[in-house]
Amino acid sequence: MERKERKRLVVGNWKMQLSHKAELETIGAIKNLLKNVALDVEVVVCPSFPSLAGVAEAVKKSTKLAVGAQNIHWEEKGAWTGSVSVLQIKPFAQWCIVGHSEQRALTGESDEEVQVKVSTLLKYGLTPVVCVGETAQERASEQTTARVSEQTKTILNKMTRVSLSKLVITYEPIWAISANQPDELPDPNNIAGTMLLIRKLAADRFGVEAAERLRILYGGSVTPDNVASFVFEPGVDGVLVGGASVHPGQFVNIIKQLQGGGSQA
Ligand code: PGA
């Protein structure tokens, strides 16, 4: 499968940035801005848990927008105060981010726990957007390849060849998330190298053809100004957008830059 056969994907991660009212307004504005756009990019928005139902309702008739959650518990149900399970998001979301570095840092979740979440999502037909990436310290000690390989292999080891096409891996260098200065952003060549590493790990396990079906995103301080430098690197299938995704104009600008394989500015 060639790159052009993998549909480009933009995932908006709204984190804990907006009120419930603002989340509903944001989805309304995104819908409006995309109204007359013939979209060839897949778009997913990930609101907070309390807004999943409202945002799902808002995009119910849309063929352009899908809904994702930002996390789940690895268990399907049980006495886990404050947690949310796959069964609870399933009526509203078709996608779910797991292994985000902010969750890993907050809860200390291991690569194995992230892997169980991936399996749980796949079991219920949701698409996992699993995040991998190295810390600033790991980067400084040249551990990027080792760390990303470790995280990726833990996921891949429990997958089947068939389920690989239903998985999205996002490479988010942790030090590049919410970066304020352009010099804090990764070199696009290095990103391409890490993307190739991830696809090679998939190919080593499932063969080249199956690995070509895996979608791999870049995440970390993506804006309308820098998105073009990241997404047209070989092997990059789209972006996971945090800060810019809560601004409808910026988010839709990013989506449009990925249109038509990216010729549009
Ligand atoms: P950012 O967040 O775009 O604000 O850096 C990305 C993410 O953490 O998913």
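Residues are classed here as nonpolar (Ala, Val, Leu, Ile, Met, Phe, Trp, Tyr, Cys and Pro), charged (Asp, Glu, Lys and Arg) or polar (the others, Gly among them). By that scheme the lining of the largest pocket has 8 nonpolar, 10 polar and 5 charged residues. The model is predicted, with local features needing pLDDT of at least 70, side-chain atom pairs counting only at pLDDT 80 or more, and totals for chains, interfaces and linings using all residues. Numbering runs from 1 along each chain as its sequence is written, and side-chain values use heavy atoms, with hydrogens and water left out.

- On a 1 Å grid over the protein atoms alone, a cavity is a set of points where a 1.4 Å probe fits but cannot get out, a pocket is an open set with protein on both sides within 12 Å along at least five of seven lines, and lining residues have an atom within 4 Å of a point.
- Points are joined across faces, edges and corners, and a volume is the space filled by probe spheres set on them.

**Largest pocket**

- The largest pocket holds about 620 Å³ of space.
- Its lining comprises 23 residues, and Phe49, Gln70, Asn71, Gln103 and Leu106 are the closest to the centre.
- Helix 4 (101–107) and helix 5 (111–123) each give at least two lining residues, where helices are DSSP runs of H or I with at least four residues, strands are runs of E with at least two, and both are numbered from the N terminus.
- Helix 4 provides the largest share of this lining, 4 residues.

**Second largest pocket and ligand**

- The second largest pocket has about 220 Å³ of space, and this is the space taken by the ligand (more than half of its atoms lie within 2 Å of the grid points).
- Of the 18 residues lining this pocket, Ser178, Ser221, Val222, Gly242 and Gly243 lie nearest its centre.
- This lining divides into 6 nonpolar, 10 polar and 2 charged residues.
- Residues around the ligand (a heavy atom within 4 Å) include Asn13, Lys15, His100, Glu172, Ile177 and Gly220.
- The shell around the ligand has 3 nonpolar, 7 polar and 2 charged residues.
- A ligand oxygen is 2.8 Å from an N or O atom in the side chain of Glu172, and one is 2.8 Å from a polar backbone atom of Gly243.
- The protein buries 96% of the 280 Å² that the ligand exposes when taken alone (Shrake-Rupley areas with a 1.4 Å probe).

**Cavity**

- The count is 1 cavity of 30 Å³ or more, and the largest cavity has a volume of about 50 Å³.
- Helix 4 and strand 5 (127–132) each give two or more residues to the lining of the largest cavity.
- Among the residues lining the largest cavity are Gly99, Ser101, Arg104, Cys131, Val132 and Glu172.
- The lining of the largest cavity divides into 4 nonpolar, 4 polar and 2 charged residues.
- Glu172 and Ile177 line the largest cavity and also belong to the ligand's surroundings.

How values were computed:
A polar contact is a pair of N or O atoms within 3.5 Å; within protein, one must be able to donate a hydrogen and the other to accept it, and residues adjacent in sequence count only if both atoms are side-chain atoms.
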